[in-house]
Amino acid sequence: MLTKSTHDIAAPFSRRGLLAATAGLMLGLASITGAKAVDDTIKVGVLHSLSGTMAISETTLKDTILFLIDEQNKKGGVLGKKLEAVVVDPASNWPLFAEKARELITKDKVSVVFGCWTSVSRKSVLPVFKELNNILFYPVQYEGEESERNVFYTGAAPNQQAIPAVDYLMKDEKVKRWVLAGTDYVYPRTTNKILEAYLKSKGVAQEDIMINYTPFGHSDWQTIVADIKKFGSAGKKTAVVSTINGDANVPFYKELGNQGIKATDIPVVAFSVGEEELAGIDTKPLLGHLAAWNYFQSIKDPENEKFIKAWQAYTKNPKRVTNDPMEAHVIGFDMWVKAVEKVKSTDPDKVIDALPGIEAKNLTGGTSKMLPNHHITKPVFIGEIKANGQFDVVWKTPGLVPGDAWSKELDGSKDLIGDWVEKKCGNYNTKTNKCLGSGS
Amino acid sequence: MLANLPARLRTLALSLFLIAFALPAAAGPFEDAVAKFANDDFSDTDAAIGVVASSGNPLAYPIISALKDGRLMADADSKKVYVTGTDGKSVDAATGEAVASVPASASAVRLNNRLRRSVDAALGGLTLLSPDVGTRIQAAQSVFKSHEESALPVVDNALAKETNRSAKTALSEARAAILLYKPDASEVDKLEAVATIKGRGDQEAMALLTGIGSDQPASVKAGAASAIASIQSSLAVWSGVQNAWYGLSLGSVLLLAAIGLAITFGVMGVINMAHGEMVMIGAYTTFVVQEVIRTRYPGLFDYSLLIAVPLAFLVAGAIGVLIERSIIRFLYGRPLETLLATWGLSLVLQQAVRTMFGPTNREVGNPSWMSGAFELGQITITYNRLWILVFTLAVFAILLAMLRYTALGLEMRAVTQNRRMAASMGIATSRVDALTFGLGSGIAGIAGVALSQIDNVSPNLGQSYIIDSFMVVVFGGVGNLWGTLVGAFTLGIANKFLEPVAGAVLGKIAILVLIILFIQKRPRGLFALKGRAVEA
Amino acid sequence: MTPHMLTRSLDRGATIFLLVVATIGVLIPLSNLLLPSGSFLHVPTYLVALWGKYVCYAILALSIDLIWGYCGILSLGHGAFFALGGYAMGMYLMRQIGTRGVYGNPILPDFMVFLNYPKLPWYWHGFDMFWFAALMVIVVPGLLAFCFGWLAFRSRVTGVYLSIITQAMTYALLLGFFRNDFGFGGNNGLTDFKDILGFNVQADGTRATLFLLSCLALIIGFLICRAIVSSKLGKVLIAIRDAESRTRFLGYRVESYKLFVFTVSACMAGVAGALYVPQVGIINPSEFAPGNSIEAVIWVAVGGRGTLVGAALGAVVVNYAKTFFTSGVLAPYWLFMLGALFILVTLLLPKGIVGTFNSWWEPMRAKRVSGAAESAAAENGVSEPKMAE
């Protein structure tokens, strides 16, 4: 039987031993209490998972920040001081994100934090950043519906990714029928809700929209792919809008390829599939499936080529790919450096006030600007997957699209705006002229 | 498609076209159209495809097929367009004259999905008369899909010459599709078309029938509606068959992941939480094998899995023996401690792989015989799933035979049934322990080879299977391989029949609740061991 | 519980443990609140929150040790009870946000506004009252454990089968709570709390109080466990652990004993979860992950199974190690350390830290005070080590 034990039961303890243990404990406490006071560097926190399920995406972002800090230090640092990265591993564990954020700010006294990937990790650290008044740069496309004073969103809001992609499919591919497939978490839920409202406003009937949610890491896609195939055989041009999360994509695309769904029949446009994800798939059967991003590695631009070269040299890997969240970190980092230099201080309050309006070159030939709602302006590109795992840009927005913190398509948020310059409020109701909730 | 044909056949096809379309080409429009390819503008390219395909020019086929394969090179400055053959030789697309080399500034003409459809439709029209039956059928299929009116004369022409039965069916279906959508076709033709398409009876037929506009004659609409209803009812029956197949396939994956555990856990009683990591190691072995093959012996790629299977068995098995010798053998009789130690081990192995191979997914390709699918009635059976099912059953049979007929198997059974007695009979129990654990791990490694074909190859691969594997073994009954087999397929099929009703997540929750309740009914699983061994 | 029982059940080790917990529980908050932040002995707020988390984990470890160490029930799903208690508390905290949510809806939490819930789901009613939520913190995990245990123990599901179905239970709950349709905020869970009983959850005073309460809960939990294991009931539990069939044949209703202790343990885990949530600031489905439950079992193993002090100590030691290794230069290698720790502890310290310490200390002590040890050992029901083979 399994439950038999060889243990003794709680035998009495010695007083001396315990006293010693307590003393040790106290000493340990004290030793992590004494913060080191080194003032000749500016500390930059890096809060990305290096282990656990999210390591697959986030490790690259940690490397990106280390690379950017390295480059900046070669240029002489900021305000005459060297930058120093403080790397922690929140291990894809959401409460640990909050704990590590607290540690970075209180113990390591960082001036700014670059980090998080999933929405839940951002939500988990939000109260910490608000309480301890520090700055977080969040580099991933997300569901919007948020504008916080201490957070700067350098990834795409839904209006900078989802809606242009749907527009493209409607105009260029004449798609009439839509499958909205996603992993069951808040980003796909919100994006799909926004898209559903948007499609209906464009005259798409309810029966022409199919919504499907799957759990994280879903690996058996047979039934769902067959359903998509069935849904697509109603005589109208059908497309899949995929907000399927990273890990589940490989088996999804493999099943698509094997069941013979070609991009010419039912194109799939994905919002979470970039160069990194494709690196794990044989892309030949996926030729022509789409992705919408604000950056592609294949974009021909001198800035981009310079960046890729330097990045591959830094990582000593000539095949290392770049992707959209990396570009977001590049822009965010640049903006932070510029804001710090503008106010000649790393004091979070001053930097937060200085950031809106700061401009930084993005890697696709434009200049992104930090908006009062703490989102940035970005171009939107639609790329088709090529056989070599890269994307071929088939469409782009004529100019830069400003990020909306609050979606105009949802009833709950269409009157809300974020404005940290004039209104000093992240969720300001323009109808009632009131700042809602605690965001004042 | 033609691009995949052997070169000789292709030349044959080409020369045939040269005969079929040996009319003097009108110099103006064709050359203008070809020049448009150099504009790098999707609508210009689309227009050019239309003109070139219907030009009757012998160069049309080479140009369009080169466009499809990304071999059509255009120079934006000189507006010159070149066709690079698969043999590396190039010709000027407008004149057909051979050129020494394509200028460096030229790049492949880009396509998007809309253009790819145009290209497919154009190629369909151009290859309807191909000497190869497969190509003809495929061409007819793409005409069926695009059902463009312009293709009708060619289809009629091809239909008249066609002798092969299935090609003939495909062609008449293509013809029916065109007629159904042709505004000025007669009502009789259309009704006949509806009947032909109904005979096809698959989802595409249904798509075609549902998509007809409202301006059709009433009789056609009624005919289409009844055809749709009949196709639907036959598809409903097929969807049951399809669910059963999906269930078998899922069951085979579960079985494959659990079968190694059935040995280490079921036979030896070791709760091996690092089992999933053995699966992962097998998958990474496949990756390494493919990587070596890609760089050194690209010709062997189709055999990569065959090479990977024994290697994965050896690598994972060796690691298993190592683990047994260094950790587990000190923990026999304390199964819960093994649980903790192997859990720690799984963390170490995961992180080790993450450090060695990086945290991102690694690409493991499908060999050609594992790609694609075939139709069986109205269901699609993908080759990779089919092969995994076959492979799983083979592994199971070999394992069973090994345990029953080999000396090692006999010793293993003896040791698990009565260790002391076995030892007294002169069996080196510790050696048998190590080998049994190695065997279980090796089989997990083999499972990794198969799973690399359908799932991510990442450090997290194993974790996603460990819970399911334990469920299968416990559900089937610990210590009974047949129980594991029946358990895996039962869970797989139940899951797939629940999924369409309840959705993927609720279906899985329902399965878990059912397992919990089932264990109440039969506390020792489906096939419980009886006798004294149970309480030991 | 009579005072006599209390004193009887407390040996010296336990007394010292309780004193240490009480001292920490008082000193850390005082140092945090009263000493200036520059002082060497000042404990910064983040450490208060961190240690508060450890203390909650210690309670969870105690609850696992009670059933595993003393009754041989290995639950690989105890994290589920912890998380359910946490969710009950989280729901109370969500309701306290009121109009301070981003959409300013007085009734619905933000995520419900976001997902177009027309009204509050029925199971959210009542959670605006603290007493109700506090009751649910105990009732929900307790009820689940009771139902689950009633089914499982009555049909004599034991050993590894039980472990696996507890794992199935927490896994099913994990999947369920992940679903946004479930009404618990999906993957994001419940977060962005403002007030607890009118006090700002982020204020230093509240944190210090929560820390003190957690220590108090640990002490009370310890006393309850102690009382159980040293009573006659406890002896039966140990008998069940060591020879279940024999105990049954002696006429004890094994399943009732198991059910009782399993339910008590689940309630304790629920309380731990409820204290954990306001200090950590988030509760989300990942707490249900089977890995978390396994880890909690490992804390107990590291500290010493079957020693209540050890369970609590193990939780603190392992989590401290985790905090320590996940920052700085060691960050990429911390899983190696943690994994190695688990392997080495099981191989080299099979009785855990406290168990090993005891077996090393016991003979020496026995030599010194042979008379006193006799009665203590008898009282603690030292069982003969025995190989399962």
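This tour moves through a predicted model, one selection after another.

**Chain A.** Begin by selecting chain A, which has 12 helices and 19 strands. Viewed along its principal axes, the C-alpha atoms of chain A fill a box of roughly 80 × 70 × 55 Å. Next, colour the buried residues of chain A: they make up 63% of its 440 residues. Among contacts in chain A with a separation of 6 or more, 68% join residues 24 or more positions apart.

**Where chain B meets chain C.** Now select chains B and C together. Here 35 residues of chain B are in contact with 37 residues of chain C. On the chain B side, select α14 (335-357), α19 (463-476) and α21 (504-521), the elements that give two or more residues each. The largest share, 12 residues, comes from α14(B). Coloured by class, this side of chain B shows 24 nonpolar, 5 polar and 6 charged residues.

**The nonpolar cores.** Which residues have the most contacts inside the largest nonpolar core? Select C:I59, C:L60, C:A61, C:L62 and C:I165 to see them; the core itself has 356 residues. Helix α3 (residues 45-71) of chain C gives the most to this core, with 19 residues. Then centre the view on C:I165. Leaving aside its neighbours within four places in sequence, C:I165 is in contact with B:I515, B:I516 and B:I519 in chain B, and with C:A152 and C:V157 in chain C.

Finish with another core, of 33 residues, which lies apart from the largest one. Select B:Y61, B:L67, B:V81 and B:A106, which are among its residues.

How values were computed
Residues numbered from 1 in each chain as written. Chains lettered and ligands numbered in written order. Predicted model: local features only at pLDDT ≥ 70, side-chain atom pairs only at ≥ 80, totals over all residues. Contact = placed C-beta atoms within 7 Å. Helix = DSSP H or I, 4+ residues; strand = E, 2+ residues; numbered from the N terminus. Nonpolar A, V, L, I, M, F, W, Y, C, P; charged D, E, K, R; others polar. Core = buried A, V, L, I, M, F, W, Y, C linked by C-beta atoms within 7 Å. Buried ≥ 20, exposed ≤ 12 C-beta atoms within 10 Å, placed from the backbone.
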